[in-house]
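Please look over the structure shown here, and then work through the questions and answers that follow.

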Amino acid sequence: MPKFLSNAQINEYHEQGFLSPIDLMSESEAIEIRHKLEEAERLYPEHLNAENRNNAHLVFDFLDELAFNQLIVDIVEDLIGPDFSLWGSVLFIKDPGTKHFVSWHQDATYMGMTSNGFVTPWIALSPSTLETGCMSMIPGSHKSKIRPHDDTFAEDNILTRGQVVKNVDESEAVDLILKPGQMSLHHGEIVHGSQPNLSQDRRIGFALQSYMPNSIRQHIGKNMWLPVRGEASKEPDQIELIRPANNMDAAAIAQREVVNQNFGDILYHGASQRRNY
Ligand SMILES: O=C(O)CCC(=O)C(=O)O
């Protein structure tokens with residue numbers, strides 16, 4: 001018996017490789033979180049600048065609360081089962097006036113997992129529209145397994161390696177338009193990307209990337225995951241992460257640095273270059 005989604009929504013996710021939109025919270029609640037984020041950017045710029053937007057949920061309580069949000073984890077359970085952990089998170093921010101974009105890619109390509117049946121909730125903290133550069137998905141592309149990617153390291157490409165899948169039929173793309181407070185969910189192997197933000201406002205998305213069934217293992221870097229629900233992994237190599245006690249407490253900052261180093265070791269494994277994020 002699903003906890004929140006209908007059987008039709010669950011089937012849609014498995015068939016299309018994504019599900020959108022889901023109403024997560026009110027617009028005013030999302031704007032309140034945006035304000036907390038922007039206040040944190042003001043207070044701790046070096047911890048949230050464009051090169052330091054991975055795993056901020058490990059140091060900021062308002063992002064940690066999203067990682068454990070009851071509705072999100074119920075929906076994740078409906079999609080991947082009752083025992084799962086969170087591998088990481090990314091703040092995808094496109095400021096007005098920049099050319100930042102996300103090329104067509106599959107998340108799982110460089111994540112080094114033994115299986116790619118994991119899910120990413122992407123939460124809109126500002127309007128995500130055609131003008132601001134919402135995500136677009138190629139329906140059903142998660143069924144074609146991992147396609148070859150070219151690492152471009154293109155300057156305005158937000159992805160670590162600027163990796164891109166070639167020969168995507170863009171006429172098939174579905175745009176995921178979200179109001180603040182809505183979210184989408186996507187599969188680890190779906191082909192997706194996003195265009196630059198042409199508006200005067202920031203486009204802010206928080207991706208909980210990704211919730212992993214505890215049966216999955218990391219085979220490139222260290223298995224450092226935050227247990228979220230159900231029976232935790234009993235594998236001897238599992239390193240359990242802890243939640244922040246307070247915003248920016250010293251132990252949490254130290255833990256995030258170790259996790260981000262591991263993230264980099266995994267995502268740039270075998271790459272010709274390594275960027276600062
Ligand atoms: O925020 C974006 O535009 C892209 C995000 C993305 O690629 C992801 O969440 O996997």
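Q: Which residues come nearest to the ligand?
A: This is a predicted model, in which local features need pLDDT of at least 70 and side-chain atom pairs count only at pLDDT 80 or more, while totals for chains, interfaces and linings use all residues. Residues are numbered from 1 along each chain as its sequence is written, and side-chain values use heavy atoms, with hydrogens and water left out. A residue is near a molecule if one of its heavy atoms lies within 4 Å of it. Of the 13 residues around the ligand, those that come nearest are Trp122, His192, Ser194, Arg203 and Gln209.

Q: How many residues of the shell around the ligand are nonpolar, polar and charged?
A: In this division Ala, Val, Leu, Ile, Met, Phe, Trp, Tyr, Cys and Pro count as nonpolar, Asp, Glu, Lys and Arg as charged, and the others, Gly among them, as polar. By that scheme, the shell around the ligand holds five nonpolar, five polar and three charged residues.

Q: What is the distance from a polar side-chain atom of arginine 203 to an oxygen atom of the ligand?
A: A polar contact is a pair of N or O atoms within 3.5 Å; within protein, one must be able to donate a hydrogen and the other to accept it, and residues adjacent in sequence count only if both atoms are side-chain atoms. A side-chain N or O atom of histidine 105 is 3.3 Å from a ligand oxygen, and for histidine 186 the corresponding distance is 3.1 Å. For arginine 203, the distance from a polar side-chain atom to an oxygen atom of the ligand is 2.8 Å.

Q: Which residue caps the N-terminal end of helix 5?
A: Helices (H or I, at least four residues) and strands (E, at least two) are DSSP runs, numbered from the N terminus, and helix 5 covers residues 70–80. Ten of the eleven residues of helix 5 are buried (under 20% relative accessible area, with a 1.4 Å probe and protein chains only). At its N-terminal end, a side-chain oxygen lies 2.9 Å from the backbone nitrogen of leucine 71, and the capping residue that supplies this oxygen is asparagine 69.

Q: Why does glutamine 106 count as buried?
A: Glutamine 106 has its place in strand 4, and its side chain reaches the backbone oxygen of lysine 145 at 2.8 Å. Glutamine 106 counts as buried because its relative accessibility is 0%.

Key. Buried means under 20% relative accessible area, exposed over 50%, partly exposed in between (1.4 Å probe, protein chains only).
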